[in-house]
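Here is a friendly walk through how the two parts of one chain sit against each other. Have a look at the model first, then read on.

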Amino acid sequence: MNDPAEFVRHAIERLRADVPERAIVAASGGIDSTVAARLAELALGDRARCLFVDTGLLRDGEVDRVRAYFRESGTHVQVVPAEDQFLSALEGVTDPEDKRVRIGHTFIRLFEHEAARIRTDRLIQGTIAPDWIESGGSGSDGSAKRDTIKTHHNVGGIPKDSTLRLVEPLRDLYKDEVRAVAQELKIPDPLRQPFPGPGLAVRVVGEVTAERLRRARVANRIVEEEVERAIRSNELARPWQYFAVLLPVRTVGVLGDNRFHGEAVSVRIVDSIDAMTARSVALPHAVGARIAERITRELAGEVVRVLYDLSDKPPATIEWE
Ligand code: XMP
């Protein structure tokens, strides 16, 4: 892409050609899908219905933050509450790849339902080049293929039996190009750390239940608050990503005069340029101690131990899954 203004003109033309009537747009609150949603609105007006799915796998306050971001970006997005569907799809599932597949299918079934309501089969997504390269797909010109690393997209690909037809206006762009297009469209950068499409489900190792999700949500909020406090007081440079992972172990602790068994949380703080490789951040002990004290206090009787993940990527990945 050479000229963002030219890209926008061309993308609008292509969207009009690819979407004869109406389309739904999958918006996640990230910059890619927000750019795709804005392009869809410019091309199709109110024939584009932009949807944000509240999976129930989101962090504290996320739905409100995302709503505010859409408002700032001038995009009209409807929030679809779907916590129950996702939790029931994940019931009894512990295998990480199986979790991803079920989450992907739940997204697809929801989009199929919403598409049928407005009598369309077109789903516009903000997929960009690194997404399909990491998933082992091929480009619109049939270029580069790689082995499947994981079902990486937020939506995990479209199953063969789906009635939906994907439209991906940003498919050939890289992140810096998407940022240039966003600037052209006056869409601000959400300035948030990357957050995976499957949400806290990849940060709850083992079965995802409402109870365990709540623990992961509290622990993630504490890590974010304490890391951001440490950034403000110059104890820490802003890392690429910082979060908590709930581990399915039963480990012993004390509560009052009694021994009891609870779970453990691992804190993950990494630096990276492009998420392809990453280094575990050297966390000042005082910051780690504050995090551990708050997690074990605010989740007393549930989480007993807090660990720090020292592994780099590779060989570890950033998320635990
Ligand atoms: P890993 O865990 O593979 O993650 O080292 C690399 C980066 O990608 C994020 N991530 C995802 N992002 N959908 C996303 O949009 C996903 O399914 C997904 N899985 C991982 C992860 O947070 C890290 O920034």
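Buried area is the accessible area, found with a 1.4 Å probe, that two parts lose on being put together, summed over both. Arg59, Asp60 and Leu87 supply 40% of the area that domain 1 buries against domain 2, more than any other three residues.

This is a predicted model, where local features need pLDDT of at least 70, side-chain atom pairs count only at pLDDT 80 or more, and totals for chains, interfaces and linings use all residues. Residues are numbered from 1 along each chain as its sequence is written, and side-chain values use heavy atoms, with hydrogens and water left out.

The domain bounds come from an automatic or database domain assignment:

| Domain | Residues |
|---|---|
| domain 1 | 4-184 |
| domain 2 | 203-308 |

Their centres, taken over C-alpha atoms, are 30 Å apart. Where they touch, 14 residues of domain 1 are in contact with 12 residues of domain 2 (contact means heavy atoms within 4.5 Å).

Which side chains meet in a salt bridge? Those of Glu224 and Arg59 do, at 3.0 Å from N to O. The rule (a side-chain nitrogen of Lys or Arg within 4 Å of a carboxyl oxygen of Asp or Glu) finds 2 salt bridges across the interface of domain 1 and domain 2.

As for confidence, pLDDT (the predictor's confidence in each residue, from 0 to 100) averages 92 over the chain, and 93% of the residues score at least 70. Over residues 142-153, pLDDT stays under 50.
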